[in-house]
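The entries below follow the order in which I looked.

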Protein chains: 2
Amino acid sequence: MALISQKPQLDPQYLEKLQDYYSEHKVIPSYSVLAGLWGISAKSWVSECVKRFEEAGFLDWTPDKQLKPGARFFERKLADSTVQAGLPNPAISDGYDLITIDDWLVKIPSKTALVRVKGDSMIDAGIHEGDLLVVEVQPNANVGEIVVAIVDNEFTVKYLQKERNEFVLKPANKAYPVIRPKGRLEIFGVMAGLARRTR
Amino acid sequence: MALISQKPQLDPQYLEKLQDYYSEHKVIPSYSVLAGLWGISAKSWVSECVKRFEEAGFLDWTPDKQLKPGARFFERKLADSTVQAGLPNPAISDGYDLITIDDWLVKIPSKTALVRVKGDSMIDAGIHEGDLLVVEVQPNANVGEIVVAIVDNEFTVKYLQKERNEFVLKPANKAYPVIRPKGRLEIFGVMAGLARRTR
DNA sequence: GTAGCTTCCGAACATTCGTTCTGTGTCATC
DNA sequence: GATGACACAGAACGAATGTTCGGAAGCTAC
């Protein structure tokens, strides 16, 4: 019996406690701190547990041999609406290797800005007041893209369109007028995504 | 002269290199590694630089005296739509101390799941196909909240409403019917936010 | 020039790190 | 009731950590 590789089980609470610690401090603690965190009094046992988390993909090592979060550390239960429900098994994250919402939304951190949306002029594009718009800062954009433009010294979020060889800013709400900027149209950046908090 | 506290200047490249290292490994390296990273050959000087970053709010310490990212470490340009535009100064992030989109959206990591939205039945609530729904997993919800329910073994995102003492699931799209579940209504969780990528 | 900063190097040092090895108690199995 | 996993404790140890201190080189100011 037991020839089949039966992985040693890990206390799932250990991982949760580590994740909580990490989400508070953004750092993996030392073995002694981990021991305290887990209610263990032997570093040797911490070492053993770390090895198992490492094999499971939750922890990893930097090239400098420092402990760091592994590929699955930030894994959240990601579920496809189409996926069969009721399954508590780890097969949920099929195909997806989502790391962080930040990483998913922000591709070029140094060129990304966050703009809080004011008003409901883009409501038909699913952009609500209070949403956090992820914007890639760049001075130009293509027609059809949602851009953050600077009009009258204020940020405006609108569709970029062309009318009779002139750029116009089109809201996604019939109650608002199309903006036809006189002279140069100053573009702050292009919308790359958004985040909304509803609770 | 120079009685006014003139903070010692820091090489901004140092911070960028640290941020790059962190975004790759999700961990703050040791002083010796930092020395290599910064092209410095004395740990004592690294120690000095770290102290300055700490005073500037970019680095901090855990209660266990381990170095960790400070409040300003993850700072992004956050702009309010109402704010006067054209300003490249750091005063943009007035009032807001936004850390990470993740932290902004996810309050309880261990109870948070991500659900990819299928279909357009909630389009009028600004929820599009392909959006990533941030869901707080819990077996019950209040009337009026947007919930992820399990109907016919599939996830469904809908408003939770009450009709004649019975819970119903209401889409935000006139083209879809109200779902009246027979028997118990199984709730997976409550919507807490969403993330959308458009580029 | 010389006095005073600032930037950086190098060595010394106590502390803490993670590993290894041995030991103990508790199960389930035959 | 002997055996062997398994989950943990405890001590011991070299290696690595971060701090402290002294010093060297460069710049500025008077």
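Entry 1: I worked from a predicted model. I looked up helix H2 (residues 31–38) of chain A and helix H3 (residues 43–55) of chain A, whose axes come within 9 Å. These axes cross at roughly 90°. With 65 to 115 degrees counting as roughly perpendicular, H2(A) and H3(A) are therefore roughly perpendicular to each other.

I then listed the residues that meet. H2(A) contributes Tyr31(A), Ser32(A), Leu34(A) and Ala35(A), and H3(A) contributes Lys43(A), Val46(A) and Ser47(A). By class, I recorded 4 nonpolar, 2 polar and 1 charged residues in this contact.

**Entry 2: the contact between the chains.** How many residues does each chain place in the contact? I noted 55 residues from chain A and 54 residues from chain B. On the chain B side, the elements that each supply at least two residues include helix H1 (12–25), helix H4 (101–105), strand E6 (146–151) and strand E7 (154–163). Strand E9 (186–197) of chain B is also one of them, and E9(B) gives the largest share of that side, 7 residues. I sorted the chain B side that touches chain A into 24 nonpolar, 17 polar and 13 charged residues.

Entry 3: I followed E9(B) to its partner, strand E9 (residues 186–197) of chain A. The two strands run antiparallel and are joined by 5 bridges. For one residue I noted the partner: Gly193(A) is bridged to Arg197(B) in E9(B).

Notes
Residues are numbered from 1 along each chain as its sequence is written. Chains are lettered from A and ligands numbered from 1 in the order in which they are written. This is a predicted model: local features need pLDDT of at least 70, side-chain atom pairs count only at pLDDT 80 or more; totals for chains, interfaces and linings use all residues. Axes are lines fitted to C-alpha atoms, for helices over the stretch in contact, and angles run from 0 to 180 degrees between N-to-C directions. Helices (H or I, at least four residues) and strands (E, at least two) are DSSP runs, numbered from the N terminus. Angles under 35 degrees count as roughly parallel, over 145 as roughly antiparallel, 65 to 115 as roughly perpendicular and the rest as oblique. Two residues are in contact if their C-beta atoms, placed from the backbone, lie within 7 Å. Ala, Val, Leu, Ile, Met, Phe, Trp, Tyr, Cys and Pro count as nonpolar, Asp, Glu, Lys and Arg as charged, and the others, Gly among them, as polar. Two strands pair if DSSP finds at least two bridges between them.
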